[in-house]
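Please consult the sequence and the structure shown here alongside the text.

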Amino acid sequence: MAEDTRDPSASPGVTDKTRSIPLDPEKSPTAPNATPNDYAATQPATLSEAVKTIHTEDFKKVHLQPCVRNAFLYGIIAGFAFGGLKLVLRAPVPNAANWAAGTFAGASAVTYETCQYRRQKERAGVQKVVEIIDRRKAEREKALTERREASRRAAVERAAKKEAERLESLKPWYKKLF
């Protein structure tokens, strides 16, 4: 599973001014009693601020994101097929091109979201497997500890019994009768 390993601060042309938005000091996300949604609640985002966060480097590296490559490929195939079908059915070229572009966008979006959903399910499954493995490991360690403790107790009992037999064997024969 490929993860996004890009460092957003390493993008050329990106300065701290373009990445930061002034915060209210009392509702700062770094404040000890602040929740993640405090910033969004106090500072409504504007369209111009959102557009400022988009850089050309983002478009140059979009293919490195998980699921994007397959989504684009399926979108291209679907758009080409549907646009070609419209042409074969004698639709005007601009109409067929519009259908091809729309099909590309729709198929890409559906494929991307489906892939992300599968990755999310796989990640949840892996997390569940890790939890089960950790629980079984803890159970095995507990059982091993119990076996060691039981073995240690048995060894102590055997040693005590052996010592008692040794002490009994050291008694003179006439004291053993009574």
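## Terms and basis

A residue is called buried under 20% relative accessible area, exposed over 50%, and partly exposed in between (1.4 Å probe, protein chains only). The model is predicted, so local features need pLDDT of at least 70 and side-chain atom pairs pLDDT 80 or more, while totals for chains, interfaces and linings use all residues. Residues are numbered from 1 along each chain as its sequence is written, and side-chain values use heavy atoms, leaving out hydrogens and water.

## Aromatic pairs

Two aromatic pairs are found in a search of the whole structure. Phe72 and Phe104 form a stacked pair, 6.1 Å centre to centre with 25° between the planes. Phe72 belongs to helix H5 (residues 68-88) and Phe104 to helix H6, so this pair ties together parts 32 residues apart in sequence. Phe72 is partly exposed at 37% relative accessible area, and Phe104 is likewise partly exposed at 31%.

The rings of Phe82 and Trp99 have centres 5.5 Å apart and planes at 45°, so the pair is tilted. Phe82 lies in helix H5 and Trp99 in helix H6, so parts 17 residues apart in sequence are tied together. Phe82 is partly exposed at 32%, as is Trp99 at 42%. Rings of Phe, Tyr and Trp (its six-membered ring) pair if their centres lie within 6.5 Å; planes under 30 degrees apart are stacked, over 60 edge-to-face, and the rest tilted.

## Arg140

Arg140 lies in helix H6 (residues 93-170); helices are DSSP runs (H or I) of at least four residues, numbered from the N terminus. With 56% relative accessibility, Arg140 counts as exposed.

Methods: Helices (H or I, at least four residues) and strands (E, at least two) are DSSP runs, numbered from the N terminus.
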